[in-house]
Structures are given as structure tokens and as C-alpha cells.
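Me: I'd like to go through this one step by step. Can you start with the terms?

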There are 2 protein chains.
Amino acid sequence: MSEGSHPHGLATAELKMTTVNRQLILQSRPKGMLAPGDLQLKEARLPELKDRQALARVKYLSIDPTMRVWMAGDSYLPAVAIGEVMRAFGFAEIVESRHPDYKKVDRVTGLTGLQDYVVVDSSVKQSFQKVPKIPFVSDTVFLGTLGINGLTAYFGMEIAQPKKGETLVVSAAAGATGSIAGQIGKIRGCRVVGIAGTDEKCNWIRKELGFDAAVNYKHTDWKAKLAAAVPNGIDIDFENVGGEIMNAVLDLMNLHGRVILCGLISGYTKEDPSLASFGTVLVKRLRVEGFIILDYAPRFMEAATQLGQWKMFGKIKDHETIVEGLERVPDAINMLFTGGNTGKLIVKV
Amino acid sequence: MSEGSHPHGLATAELKMTTVNRQLILQSRPKGMLAPGDLQLKEARLPELKDRQALARVKYLSIDPTMRVWMAGDSYLPAVAIGEVMRAFGFAEIVESRHPDYKKVDRVTGLTGLQDYVVVDSSVKQSFQKVPKIPFVSDTVFLGTLGINGLTAYFGMEIAQPKKGETLVVSAAAGATGSIAGQIGKIRGCRVVGIAGTDEKCNWIRKELGFDAAVNYKHTDWKAKLAAAVPNGIDIDFENVGGEIMNAVLDLMNLHGRVILCGLISGYTKEDPSLASFGTVLVKRLRVEGFIILDYAPRFMEAATQLGQWKMFGKIKDHETIVEGLERVPDAINMLFTGGNTGKLIVKV
């Protein structure tokens with residue numbers, strides 16, 4: 001765009017300020033951490049507003065781990081395409097409007113993308129929420145505590161159904177979501193233990209936020225400290241990290257505990273196959289339940305009666321593979337792992 | 001024990017038959033598949049019956065994958081100790097009784113262990129259930145369809161809460177539990193697809209048991225065939241296998257699907273860290289739920305109101321790490337993965 005071709009003539013400098021939109025474009029999908037050039041700053045010209053559109057100046061951008069997921073590939077949202085403005089939540093102020101729902105100085109949050117200006121309209125891809133001006137409260141609260149992190153902590157803790165006196169462990173506990181999830185745990189009457197990566201963070205969540213204990217996972221003896229911090233075991237894991245940290249928490253869980261898979265940040269910058277399946281569980285909002293039949297012993301008779309009826313009426317058929325001789329049990333056990341049996345495997349003694 | 005020291009003199013041969021109890025003793029914890037010698041056949045002398053004890057002759061032993069778990073270490077039950085009779089479910093007939101609840105020819109199922117005879121008493125470790133004689137039904141049904149496998153399939157499918165028209169996938173579908181779980185799925189009105197390891201097994205579950213489709217995971221194109229067999233995706237995974245098979249199923253799950261972790265047989269004979277966490281989920285009967293905040297959009301206002309109140313009354317505190325400049329977003333994103341921020345990370349544009 002040459003200056004000479006600009007149609008407005010006067011006040012070029014001011015016009016230039018408002019017609020140029022700096023954008024961070026996704027140029028390449030990062031491997032591991034973001035490398036220089038994965039996101040590239042480019043200047044675009046602001047589009048002319050159409051009817052039912054408004055222009056908003058982005059003031060704050062929310063930086064969230066999930067952005068790394070959006071860069072990697074399709075997940076719960078389609079991947080950001082190469083060459084597109086990188087997706088991000090932001091806080092913006094309307095500076096010009098041809099939309100009846102938005103007027104100048106209205107303030108909105110939504111998927112602004114990483115750019116100076118965003119066009120606000122009714123397209124499905126961009127839904128913006130107007131937010132009020134609250135005295136003594138910073139605008140940025142609508143990106144954090146009253147925004148995506150607060151909401152995530154709130155609904156995650158709703159799924160967790162914490163009961164008074166239960167023990168909640170939160171990983172990435174000094175992060176935007178974890179710090180609120182833990183405080184909601186305190187409001188609900190839980191013993192709350194946070195896991196974080198520096199002593200300063202641990203101090204903050206314990207002394208300022210009121211967590212009962214905090215464990216720095218960079219200390220070599222952190223697993224022992226975590227165990228000591230949960231004398232009654234762990235009932236709820238509000239999981240933001242995955243991998244080794246999640247496994248250490250799982251090892252201390254009580255029977256019938258609940259794991260709220262909110263994030264798996266330890267896996268976002270590396271290819272870890274052990275995290276892949278939990279990633280699917282998270283992204284597809286699956287519910288995975290482990291169960292052991294012995295817990296149902298009081299209801300065995302009820303179930304056997306139903307099974308017996310089904311068998312009698314031919315609704316359930318079975319097949320047995322019978323091996324003769326006590327001495328052949330070891331071979332029979334191995335048959336299970338090589339696929340040697342069809343249906344029930346039995347040794348006749 | 002020398003013959004000469006035997007107190008009864010007459011009918012030595014017959015007495016010998018009934019005083020010797022062959023037992024399979026756990027001699028070493030297997031690595032991978034069972035090796036010769038992990039279980040060793042030894043002869044023990046039958047103990048004298050005490051008051052409130054009965055002696056049962058083991059007729060059938062149930063061979064189950066979970067036995068391999070019991071050999072490996074503590075899980076939902078303590079590991080079988082080295083030198084002990086290996087734990088197993090079995091079907092036995094009372095041959096002698098000094099217990100008021102059991103009389104000769106009564107038939108029982110329970111943890112008989114891998115041996116010819118078991119002493120039945122009221123000790124907590126050994127609880128035996130009397131089973132009836134049913135015309136035209138083999139005794140072994142009490143180990144399979146009306147025993148541990150039928151019960152496991154029944155309660156697992158209860159947790160799955162199948163709805164009419166949903167798609168259920170069962171792995172190890174020609175196994176004792178999987179074959180019944182799939183048939184219960186049919187009874188509940190599901191489309192049922194089984195995964196098994198031979199064409200014969202696939203034919204059996206499809207033609208005899210009425211599964212809608214069956215996929216042989218040993219065919220190279222099995223994942224494509226599985227995808228083709230579930231045109232509406234998968235709502236329920238009745239998981240018996242874990243590992244690669246489970247991951248292929250997870251990839252085809254519908255949003256908000258349910259995974260019933262019943263077994264992870266692919267991991268029982270190998271050390272696979274990617275299975276370890278799911279093993280913990282299974283053994284501890286955990287419920288793992290993935291969630292994505294976007295699903296809760298209709299309730300954002302309700303939650304934000306509550307969060308706002310908590311913030312106003314000081315029940316929730318927050319902290320912001322603010323980075324200035326759109327051009328510094330890439331560094332800011334990387335801060336998330338190196339732990340550079342405390343609380344909410346925001347870029348001021």
C-alpha cells in the first residue's frame with residue numbers, strides 16, 4: 001500500500017494509525033516450544049466496516065496453554081490454519097460501530113485473535129460478550145477470574161462434586177485456572193494441596209490463597225512431601241499437567257476418587273505417547289471409569305438371576321474352552337495372552 | 001511322610017488318594033508370560049478338618065487374566081505371596097463336612113485356589129457361595145456366564161448406561177467377559193461391534209452371538225474396518241485390552257462418550273508405561289472426566305456472577321503477570337511452559 005494511493009489526503013499520520021492492523025500470523029506449527037517465526041508479526045489494512053459490524057481495539061490478550069494445542073492440530077476446535085491470525089481470547093473496546101448491539105466505548109471479551117483490532121459481527125466464529133465496568137476492578141479480570149480461567153475452575157469443580165473434608169490436589173496450582181480451582185476447593189470445605197514449580201509460587205498459594213499445603217515438584221523429594229501433605233489420601237485430582245506429576249497424584253488417590261482432566265500442559269510441547277490417550281479423553285470430554293467386580297458383591301444374586309434368565313431364554317450364549325489337568329494351568333493362563341481360548345477358559349481338575 | 005508312619009493301616013491306597021492335595025504354588029513372579037517354574041506343582045497333606053470346616057474337591061478352575069495381575073504385585077487384592085497356593089476362582093463339591101452350613105455333595109464357587117481340595121470355612125479370606133444344580137446347564141456356567149465374567153459384564157454395562165441406538169465397542173470380544181458384555185449391549189438395543197484376534201472368533205461373535213460387526217485386529221487394515229463398522233462413532237467402549245487397541249477405539253469415540261475400564265490385558269505381560277496410569281484408574285476404580293469449558297457457555301453468566309461475588313468478598317484472590325506488547329506474545333506463550341508466570345498471564349497490547 002503506497003501513501004499516494006490513500007484516498008483521504010489529510011491527517012495521514014492519524015489515519016495510518018487507525019488503518020493498520022498488526023497481527024500475529026501462524027506461519028508454522030511449532031515443534032516443542034515456539035520458535036522465532038512460528039508466529040510472525042504482519043501489518044494488514046483494516047477492512048471497511050460493513051453494516052452490522054463494529055470495530056474493536058484489542059487492549060488485553062489472554063495467554064493460555066490451550067493456544068499451543070490450537071497451533072498443533074485439530075482438537076476440540078479446528079487447528080488455526082497456517083497463514084491465519086492466531087486465535088486468542090482478548091479484551092477489546094469498541095471504537096467504531098455500524099452494529100445496533102455495540103456502541104463506541106462498549107467493552108467486550110471473546111476470541112479477538114492476536115491483533116490490534118478485531119471486527120465484531122454476528123458470524124458464528126466470533127462471539128463477543130459485553131462486559132460491565134466495575135469500580136475498583138481491573139478490566140483484565142474478565143480474562144482471568146471472571147473469564148475463561150474462573151469459568152473453567154468453576155465448572156471443573158462442579159464436575160468434581162467436592163464434599164466437605166475431602167482432599168483436593170491441584171496441579172499447576174499457581175496458574176490462572178489452578179489457583180482459582182484450589183480456592184473453590186477451600187470454599188467447598190476441602191483440604192487443598194497445590195503442586196507448583198517454584199517456592200515463591202508455593203508460598204503464594206499457601207499464604208495468600210489459603211491452600212493447606214503446597215509442594216514444589218522441582219524438589220527431588222517432592223513425591224514424599226506430597227504423600228505427607230495428604231494424610232487421608234486424595235479424593236479429587238484437578239489435573240492441569242499430566243505425565244509424571246499426574247502419575248504421582250494417581251498413586252495417592254483413594255478408591256473411587258475423581259480425576260478432572262482440565263489440562264495436560266506437560267504434553268503440549270512434547271510428543272509423549274503416554275499422554276496421548278488422556279489427551280483424547282480430555283478433548284472428547286470422555287468419562288473413563290475403572291471398576292472392580294468385587295465392589296458389587298452385595299448385588300451378585302440380583303445380577304446372576306437376571307443373567308440366568310437371559311441365558312435360559314437364549315438371549316445370552318456362551319462357549320467354553322476346557323483344558324484338562326491341574327498341571328496344565330500355567331499353559332492355560334498363557335493361552336489368555338496369546339488368544340488361545342474362545343469364550344470362557346476353564347481347567348477341569 | 002513315610003507310609004509306615006501312617007496311623008490308619010488299612011486301605012492305604014484309597015487313603016493316599018484323599019490325603020494328598022496337589023497344589024500349584026507361586027514360586028516366582030513371572031516376567032512377561034508365565035515361564036516353567038513360576039507355578040510349581042507340589043503335594044501337600046490334607047489338613048484334619050476342624051469344627052466349622054468342610055472339605056471340598058475342586059472340579060473346575062476359572063482361568064482369568066486377572067490372575068496374572070495377582071502374581072505381579074499388590075493391586076485391588078494383595079499379591080499372592082511367594083510360596084503360597086496360587087489364587088483362583090473355582091467350582092468345588094463338598095466331600096466331608098464339620099460345618100453346619102455345608103453338607104456332602106453341596107456345590108460351591110469361590111476362591112478355591114489352584115489345588116485339588118480346599119478347606120471351606122468362615123474365614124474372611126475364603127468366602128464360598130453355594131450354587132444350585134440346574135437341569136440342562138453345565139456346572140461350569142457358575143464360573144462364567146453366571147459367575148465372575150457374567151457379573152463383570154453385567155455391572156460394567158450398568159456403569160456404561162447404554163441407550164437404545166448407541167454404538168458399543170467391546171475389545172477382547174470373544175473372551176469370557178467381552179462376549180457377554182456385547183450380548184448385554186444387544187439386549188439394551190445398541191449397535192455392538194467386537195474386536196477379536198482371529199477370524200473364527202469374529203465369526204462366532206457375529207453369527208452366534210449376534211454382534212452387528214466384528215473386526216480382527218490382526219488384519220493390517222483393522223483400524224479402517226473398525227471405523228467403517230461404526231458409522232455413527234462410538235458411544236461406549238467396554239475396554240478389556242488397553243494400549244494400541246484402546247487408542248484406536250478412543251480415536252473414534254463420540255464427544256461425551258464413556259469408557260468402561262474393565263481390563264488392560266495387553267499390559268499384563270509387559271511393562272508399558274503408557275498403560276500404567278490407566279492401570280491405576282482401573283485398580284482404584286477412579287472416574288476420569290475430560291471437560292472443555294466451551295460446553296458450558298449457556299451457564300457462563302450464572303458462574304461469572306458467583307465468581308464475582310466470591311471475588312468481591314475476598315474468597316477468591318488473583319494475581320496477574322502482565323507482558324507489554326503484541327510482539328512479545330510468542331515469548332509470553334513459552335512462559336507458560338517454563339513456569340514464568342504466576343497467576344493469569346496477560347499481554348497488554
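Reply: Two residues are in contact if their C-beta atoms, placed from the backbone, lie within 7 Å. Helices (H or I, at least four residues) and strands (E, at least two) are DSSP runs, numbered from the N terminus. The model is predicted: local features need pLDDT of at least 70, side-chain atom pairs count only at pLDDT 80 or more, and totals for chains, interfaces and linings use all residues. Residues are numbered from 1 along each chain as its sequence is written, and chains are lettered from A in the order in which they are written.

Me: What order do the strands of the open sheet have?
Reply: The 12 strands run 10(A)-9(A)-8(A)-11(A)-12(A)-13(B)-13(A)-12(B)-11(B)-8(B)-9(B)-10(B), with mixed pairing; strands pair if DSSP finds at least two bridges between them.

Me: Which strands stand at the edges?
Reply: Strand 10 (213–216) of chain A and strand 10 (213–216) of chain B; each has a single partner strand, so one side of each is left without a neighbour in the sheet.

Me: How do strand 12 of chain A and strand 13 of chain B pair?
Reply: In the parallel sense, over 4 bridges. A:V259 stands opposite B:V288 there.

Me: And what lies across strand 9 and strand 10 of chain B?
Reply: Helix 6 (residues 222–229) of chain B, running at about 170° to strand 10. Angles run from 0 to 180 degrees between N-to-C directions, with axes fitted to C-alpha atoms, for helices over the stretch in contact.

Me: Switching to the interface: how many residues of chain A are in contact with chain B?
Reply: 114, with 114 residues of chain B. Helix 3 of chain A gives the most to chain A's side, with 9 residues.
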